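Hello,

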Amino acid sequence: MSVKLSASKAVGLFLKQKGKCQYCNIEFTLDNLPTADHIIPKNTEGSTNNIKNICLSCQKCNLLKWEKSLDEFLNQKEFVKELFKYWF
């Protein structure tokens with residue numbers, strides 16, 4: 001699920017993550033812009049909008065993760081990675 005960040009927080013995350021998706025480690029480009037994502041989904045108890053619960057992900061990972069827990073997403077990602085190797 002996507003979240004809006006201030007420019008300064010987005011730049012801070014971008015630098016912290018070295019310009020790469022938190023989930024698949026692909027480098028962000030003009031063709032692959034980052035999206036802000038809740039690590040613990042907003043529909044989950046304990047989720048917050050605190051910057052510690054936000055990361056930058058590529059659009060494909062953000063769509064795949066949606067409202068899944070991190071564990072659910074990572075298990076799904078391995079399956080999807082085999083099916084769609086060109087995504088990662």
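Below is what turned up, grouped by place in the chain.

Please keep in mind that this is a predicted model.

**The cysteines**

A disulfide needs two cysteine sulfur atoms within 2.5 Å. For Cys-24, the closest cysteine sulfur belongs to Cys-61 and is 3.8 Å away, so that pair is too far apart for a bond. Cys-61 has its closest cysteine sulfur in Cys-58, at 3.6 Å, which is also too far for a bond. Is Cys-61 buried or exposed? With 0% relative accessibility, Cys-61 counts as buried. Cys-24 counts as buried too, at 19% relative accessibility, because the limit for buried is under 20%.

**Around Glu-67**

Next, have a look at the loop that runs between helix 2 (59–65) and helix 3 (70–83), where you will find Glu-67. Glu-67 is partly exposed, with a relative accessibility of 32%. The side chain of Glu-67 makes a polar contact of 3.2 Å with the side chain of Asn-43. Lys-42 is 25 residues from Glu-67 along the chain, and the C-alpha atoms of these two residues are 7.4 Å apart.

**A nonpolar patch**

Finally, turn to helix 1 (residues 7–16), which contains Phe-14. Together with Val-11 and Leu-15, Phe-14 forms a nonpolar patch on the surface, and the three share about 290 Å² of accessible area. Phe-14 itself counts as partly exposed, at 34% relative accessibility.

Definitions and conventions
Residues numbered from 1 in each chain as written. Predicted model: local features only at pLDDT ≥ 70, side-chain atom pairs only at ≥ 80, totals over all residues. Heavy atoms only, no water. Buried < 20%, exposed > 50% of the residue type's maximum accessible area, 1.4 Å probe, protein only. Helix = DSSP H or I, 4+ residues; strand = E, 2+ residues; numbered from the N terminus. Polar contact = N/O pair within 3.5 Å; in protein donor to acceptor, adjacent residues only side chain to side chain. Patch = residues over 30% accessible without salt bridge, like charges linked within 9 Å, V, L, I, M, F, W, Y side chains within 5 Å. Areas by Shrake-Rupley, 256 points an atom, 1.4 Å probe, with all protein chains shown as cover. Salt bridge = Lys/Arg side-chain N within 4 Å of Asp/Glu carboxyl O.
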